Amino acid sequence: MSTDDASGSVANRLLDIQIERRIRLVFAFVAVVGFAVVFRFALNLVGFSVVEIFRFREPFIAALKQFFPGFPLIDVTQYWAFIQERNLILSIENGRIVPGAMFVTFAMGLAGTILGLPGALLLGVLGSERVMPYPLNFVFRGTMSIIRAIPALVWALIYIPLGGVSPFTATLAIGTDTMGNLGRLFTDALEEVEDGPIEAIQSTGASAPQRVVFGMLSQVLTPFIAWTMYILEINTRVAVTMGLIGGGGLGAVLTAQRGLFKYTNMMATIVVIFLLVVSVEIVSQRVRSYIRGDTDSASLIQLIVEFPQRMARSAFK
Amino acid sequence: MSTIEVNNLSKQYGDVQALDDVSFTIDDGEFVVLLGESGAGKSTLLRCLNGITEPTSGSVIIDGEEVDGPRDDVAMIFQQHYILEEMTAYSNALTGSLGRTGFFQSLLGRYPEEDKHEALRALETVGLLDEANQRTSSMSGGQQQRVGIARALVQQPNLLLADEPVASLDPASAEVVMRYIREAAAARNLSTIASLHQVNIAREFGERFLGMKDGKLVFDGDRDEFTVDTIDEIYGDIETDSIREEQRMEVEP
């Protein structure tokens, strides 16, 4: 009977599925056990212990009380006093604005990004298979890989002979790091370009370099700007850590106060770090969403020109 | 401004014979419509004329000179316009002059004064002078295609090629774009070859018709010779019923 045949094949299929599921379950169990073993090994290697946390809870809580003076009502005046005393943000002396540690840190990130940009552009473009034929592009991809394999902090150590650990060498290190990271992002963006516009530029009788600039780079202008802004965000954070090893700016203040066990001052510095990093991120994200949106270039100018009017309008509302 | 000679042109992609021994001659200033089904070899033929694609055998000779690569005196309008959407209409039109501008001049935007004027004149020709400084990504499909035409005109070509320039446009925009192409070609006495899908647009704009089927040239004639039977030959029996109906209506009342 055909119905028997059909139900027989259904039963067989069900059996197949059940066996398959059981095998998958066993594999999942083995994987979980494997991860547990590796995790335990890693904890042992770093000497992790809950007992340690418990034993030092008293001094840690004491430190927390210094981190947040007057907890639970945090006494922000103590933070502000330190921010002013050490000129963490900015101060005015004899009518002149003196930029503080926050601006030194931001300057390291900004200058490093700009210094690294031409190198990133060169390496990134030449590393793309769309621009350089296959084996040759790996020379540039490889260069970027080597740069990336060495963290920015280590680059700063490498540059020490050029002038000790200072904001200057820290900026050089950030610039070098940018070439590797931003260049790689540029290469990836270039893989996405469409063939059509390149062909169209080719059909105008354009030369090979013109084809690269107009056919390819013009297509990735927006992602390039967006990625550069993203790297600026990262570099601002790197600039903070550069200070920790003596590169100046907010990081240097932080590590000095840690050495003095002045936890309130440390937290004041951390607040300023937070302020800086979040500000840079907000601006960067605004710029990125602006260039991604298809708004006309005129609207930014309008935004600025019409600003007094809008202010006046909202003031008299 | 030029004569185009196509001699025994063939192109093979693996097992596919995209072009099979195609020969024809086009005189100065002719407006030629190229018809055929998808895959009939229209695009391949245009790409060979443009020098983007190298033929397997045969040759294309423009003014006695054999085409052996992309050249700035042959301009192409693409179906998907392929303009640079990041740039303004004006910048896009200017890229038409890349072939005669040095690399660093073009990089710095230092185009010769007459090319800048040429770009704006071309945008005026396609009715986009007021939109010249607008980013093309915010334009409609028809406008973008007209920017593509402007770019081709700035090239100051002797031969204008259009690969299904209106295939992705709505009927109204298609009419407008075709009219701009024809007017621009007439004003500059440009030899033009446009491949088209829509038989009605082809009949409205064509002076001479080339029909392709399976890589072969199956028809070459002017408006009078381009009959409904010819369309059947190129496309099979589809599409023509309405035209036959129309003609019957015109004759009978």
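Modeller: Chain B holds nine helices and ten strands. Both kinds of element are DSSP runs numbered from the N terminus: H or I over at least four residues for helices, E over at least two for strands. The model is predicted, so local features need pLDDT of at least 70 and side-chain atom pairs pLDDT 80 or more, while totals for chains, interfaces and linings use all residues. Residues count from 1 along each chain as its sequence is written, and chains are lettered from A and ligands numbered from 1 in the order written.

Of the 253 residues in chain B, 46% are buried. Buried means 20 or more other C-beta atoms, placed from the backbone, within 10 Å of the residue's own; exposed means 12 or fewer, and partly exposed lies in between.

Chain B meets chain A through 24 residues of its own and 21 residues of chain A. Helix α3 (residues 103-107) of chain B gives the largest share of its side, three residues. Contact here means C-beta atoms, placed from the backbone, within 7 Å.

Now chain A. It has 15 helices and two strands. Buried residues make up 32% of chain A.

The part to look at is α13(A). This helix has 30 residues and reaches 43 Å from first C-alpha to last, close to the expected 44 Å. The expected span is 1.5 Å times one less than the number of residues. Its buried residues include A:Met267, A:Ala268, A:Val272 and A:Leu276. They pack against α3 (57-67), α4, α5 (101-126), α11 (221-247) and α12 (249-259) of chain A.

Take one of these partners. The axes of α4 (residues 76-85) and α13 (residues 263-292) of chain A come within 9 Å and cross at roughly 75°. That makes α4(A) roughly perpendicular to α13(A), a class that covers 65 to 115 degrees; under 35 is roughly parallel, over 145 roughly antiparallel, the rest oblique. Axes are lines fitted to C-alpha atoms over the stretch in contact, with angles from 0 to 180 degrees between N-to-C directions. From α4(A), A:Gln78, A:Tyr79, A:Phe82 and A:Ile83 meet a set in α13(A) that includes A:Thr264, A:Met267 and A:Val271.

Definitions and conventions:
Contact = placed C-beta atoms within 7 Å.
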